[in-house]
Amino acid sequence: MSRVYNFSAGPAVLPEEVLKEAQEEMMDYRGTGMSVMEMSHRSKAFDSIIQEAEADLRDLMGIPSNYKVLFLQGGASLQFAMIPMNLMKNKVADYIVTGQWAKKAWQEASKYGKANKIASSEDKTFSYIPDCSDLPISPDADYVYICENNTIYGTKYKTLPDTKGKTLVADISSCFLSEPVDVSKYGIIYGGVQKNVGPAGMVIAIVREDLITEDVLPGTPTMMQYKTHADANSLYNTPNCYCIYMCGKVFKWLKKMGGLEAMKQRNEEKAKLLYDYLDSSKMFHGTVVKEDRSLMNVPFVTGDKELDAKFVAEAATAGLVNIKGHRTVGGMRASIYNAMPKEGVEALVAFMKKFEEENL
Ligand SMILES: *Cc1c(COP(=O)(O)O)cnc(C)c1O
């Protein structure tokens, strides 16, 4: 067996400990004689799995008791529609567009009502977070929407926008559980789990209870109403059982690692290794403004497409894989999520130094 350092933006690296545990439990989950994949979602064994997963997530994030935790399918992208369908009572919402995911969410919301783009960083290829201290928030906005960490461009909000009292909705797919978060500042905080938490195929939506009502847009499918899933504790229909099981293991791993404060420190140390090198390099450059740099996704370029391609190819040969940048940014992107060990980032920086010496 040989493992690589996987810098993919998602689906992404998972903790080896978690993978090994899942491997050990594959054929016979704790005396049930079956794998979690073969198990009824109404079984006692699965009931413990989903309940423990929720309890551990609540514990990790300090989720207040007036928030529901929903394990949903359709990925983060289905939330782009579910959010307006459930929240757009006035049919008005304000969107801050800081990247492709925010843009897609805004475009989707436009199908259901008036989705105002109140700020954007598209003028400079989404390389910064706009000033959100005094935005033209619509008086009748049902919510203000952000994508908190921009996976493709590598920017992150360091302070939340002033929503002037309106409900804040945030997509945290690529910074989920990377650092402590004050859930009470949000109406909905949600993320697809395949970036920083688990396997693909699920989104976790943490929704304040007063936002979960029957008063949804006409025609909203039953499966797309938060109330359906909240009332059934995420077991209205068959959920993504195996994904919930894997996420639960990651939650336990995070707790063992010291929780989100410890993860933040670890993530800052890892990111600093890479950013410090980028700031000193004569060949490689970061692509976003320093103040808005993400701890999770680090895009960089040499400025020469052929050299970029050579770097990506040689890195892969050295066991540093999935480092090619998104097609809209070009160059490289290293995603250094929770499960990426510090040694992985050290190996990447050492490889970049060597490449720089050989090719400058
Ligand atoms: C990956 C990603 C998405 C899309 O997730 P899916 O689960 O594939 O729908 C949405 N938002 C952000 C910030 C992402 O990184």
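Valine 298 stands opposite alanine 334 in strand β14. The structure is a predicted model, in which local features need pLDDT of at least 70 and side-chain atom pairs count only at pLDDT 80 or more, while totals for chains, interfaces and linings use all residues. Residues are numbered from 1 along each chain as its sequence is written, and side-chain values use heavy atoms, with hydrogens and water left out.

Strand β12 (residues 297–301) and β14 run antiparallel and are joined by 4 bridges. Two strands are taken to pair if DSSP finds at least two bridges between them. Strands (E, at least two residues) and helices (H or I, at least four) are DSSP runs, numbered from the N terminus. The two strands belong to an open sheet of 3 strands with antiparallel pairing, in the order β11-β12-β14. Its edge strands, β11 (285–286) and β14 (332–335), each pair on one side only.

The chain is divided into domain 1 (17–256) and domain 2 (259–359), with bounds that come from an automatic or database domain assignment. The centres of the two domains, taken over C-alpha atoms, are separated by 27 Å. Domain 1 gives 27 residues to the contact and domain 2 gives 25, where contact means heavy atoms within 4.5 Å.

The size of an interface is often given as the accessible area lost when the parts come together. Domain 1 and domain 2 bury about 2,100 Å² between them, and 55% of this lies on carbon and sulfur atoms. Buried area is the accessible area (1.4 Å probe) that two parts lose on being put together, summed over both. Between the domains, 14 residue pairs are in polar contact, both residues being at pLDDT 80 or more. A polar contact is a pair of N or O atoms within 3.5 Å; within protein, one must be able to donate a hydrogen and the other to accept it, and residues adjacent in sequence count only if both atoms are side-chain atoms. On the side of domain 1 that touches domain 2, the elements giving two or more residues are α2 (44–61), β7 (155–156) and α6 (241–256). Helix α6 gives the most, with 3 residues.

The interface of the two domains holds 0 salt bridges, a salt bridge being a side-chain nitrogen of Lys or Arg within 4 Å of a carboxyl oxygen of Asp or Glu. By this rule the count for the model comes to 24. One of these joins arginine 3 and glutamate 16, with the closest N and O atoms 3.2 Å apart. Arginine 3 lies in the segment before β1 (5–6) and glutamate 16 in helix α1 (residues 16–24), so the pair ties together parts 13 residues apart in sequence.
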